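Visitor: Hello! I am new to protein structures and would like to learn how to read some of their features. Could you walk me through one?

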Amino acid sequence: MKNKLNNEEQFLRDKLNQAEAEFNYQESDWQEIQQKLPKKGALGNYGTLLKAGIGFAILVAIAYLANTSWDDSEAIASGQEEKFSTIETTTTTSEESSKDLEEKAKTTASNESMLNNKESSSSSVSEEKAIKGSDEKTVEIKLPSEKEQAVIVDEETETPIRKTQEEALPSVELKSLNIDGKACVESIISLSPNIKGADLNDLSYKWEIDGIKQSSVEAILDYKIEQSGLLKFELSAIRDNKIVASYGMKLNIPEVVKADFTYQDMATPYDDFSAEFTAIPEELENLKWEIKEMDATMKASTPYFNFGKKGVFDVTLIHTYKNGCTTEISKPVFIDQDFKTLAPNAFTPDGNDLNEAFIPVGFTPEAGIVLNDEFRMSIYDYNGTLVYSTTSNKQPWNGRLNNSGNVLPEGSYVWKVELKNSKGQEANYAGKVKIMY
């Protein structure tokens, strides 16, 4: 090692002495620097300042590497930070002064200090950060915003397509409205949407019926139909206070036909305790009649029913429309014993031509009830012995045995009339009569 230093070497030594607190160098480091400095013959044309700058840069690099401890964990941490930072270096020229070289040395030291402190300051990195080099160039680092984080890939070109979070949400489609219940006047229906692209509970809703806003904001709306005619239902699905889908539907509510009925309490011997019903208007179809007391149901426009006894009965008429709507009406029906046999309770077969024979007047030809029907009248004494029988309503009983024998004793007898018409209907009547002299 030479004892006398030239001007350039002395300049480098002074600079290192100023930084001795930061760099721990040995005599062997000086020897290595001298070996690496360019010879006068090779770099003579560049000037003393160029040689000094090159030597100083080499010395700084060696000293920094010698005094820095590297391990795997520090390399990983610095590797993460290098994505957001860039350091630029320059080379001095022959025209730069020693003052410029000194300023660049300060800039280099500042950059080294910034790298050493990078781990502690990484949490304060802003969305946009610029690090300036010595030549005043700026490198901008941008972090992706929250909206830009939603990325999809074009299936054809296989290139990423950036979309905002709002655009990346699946689209919502209202396909139809479901109706639960019968769309009839005075009925309550439940309306609910058939929705695609979202869960029902993830949205709020706005219902309108004939342009009138409803109070419900739920997916299901219960609505009572007050009148017939055309109803227009509109539903809007809302997310983040924005309408994302809408659907409209028209519903025709049929006009109500008020059904009614009349009835006739029958008065013939065969229809006593019976009634015939007639619906109003007569052209109504799909009718059902119910008599709860008799546990009876009938389906006809003009049904006939035999109650078998007199009394008051509740009869209900139910009319069903083609769309399933129904109306009904109930009335009390009074059934009486309308057919009167008009049978006398006594007669006097004593030959004075007054009240000489017996037959219930209601069965005589003059009454006009029994005409071509089968007829049979039987008379029994109290012992159950048959004393007279006839199949003609023109032959009453004269009080004698078989109408030709001896006069039967005074007292009470039992009569019985049996009828059968051409329709196969049968009727039986009975009573008591007394012979008096």
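Guide: Gladly! Let us begin with a term: a residue is called buried when its relative accessible area is under 20%, exposed when this is over 50%, and partly exposed in between. Keep in mind that this is a predicted model.

Visitor: With which residue does Asp260 form a salt bridge?

Guide: The general idea is a side-chain nitrogen of Lys or Arg within 4 Å of a carboxyl oxygen of Asp or Glu. Here the partner of Asp260 is Lys331, and their closest N and O atoms are 2.9 Å apart. Asp260 belongs to strand E12 and Lys331 to strand E18, so this pair ties together parts that are 71 residues apart in sequence. Lys331 is partly exposed too, with a value of 28%.

Visitor: How many salt bridges does the structure hold?

Guide: There are six. Among them is the one between Lys232 and Glu234, whose closest N and O atoms are 3.3 Å apart. Lys232 is partly exposed at 38%, and Glu234 is partly exposed at 31%. Another links Glu290 with Lys288, with 3.4 Å between the closest N and O atoms. Glu290 is partly exposed, with a relative accessible area of 22%, and Lys288 is partly exposed as well, at 29%.

Visitor: Now for strands. Which residues of E23 are on its covered face, and which on its uncovered one?

Guide: First the general idea: in a regular strand, side chains alternate between the two faces of the sheet. Now follow E23, which spans residues 426–435. Its covered face holds Ala427, Tyr429, Gly431, Val433 and Ile435. Its uncovered face holds Glu426, Asn428, Ala430, Lys432 and Lys434.

Visitor: Do E22 and E19 run parallel or antiparallel to E23?

Guide: One of each! Strand E22 (residues 411–420) runs antiparallel to E23, joined by 10 bridges. Strand E19 (residues 346–347) runs parallel to E23, with two bridges joining them.

Visitor: What lies between E22 and E23 in their hairpin?

Guide: Five residues separate the two strands, and in this hairpin Gly424 takes a positive phi near 90 degrees.

Notes
Residues numbered from 1 in each chain as written. Predicted model: local features only at pLDDT ≥ 70, side-chain atom pairs only at ≥ 80, totals over all residues. Heavy atoms only, no water. Buried < 20%, exposed > 50% of the residue type's maximum accessible area, 1.4 Å probe, protein only. Helix = DSSP H or I, 4+ residues; strand = E, 2+ residues; numbered from the N terminus. Pairing = 2+ DSSP bridges.
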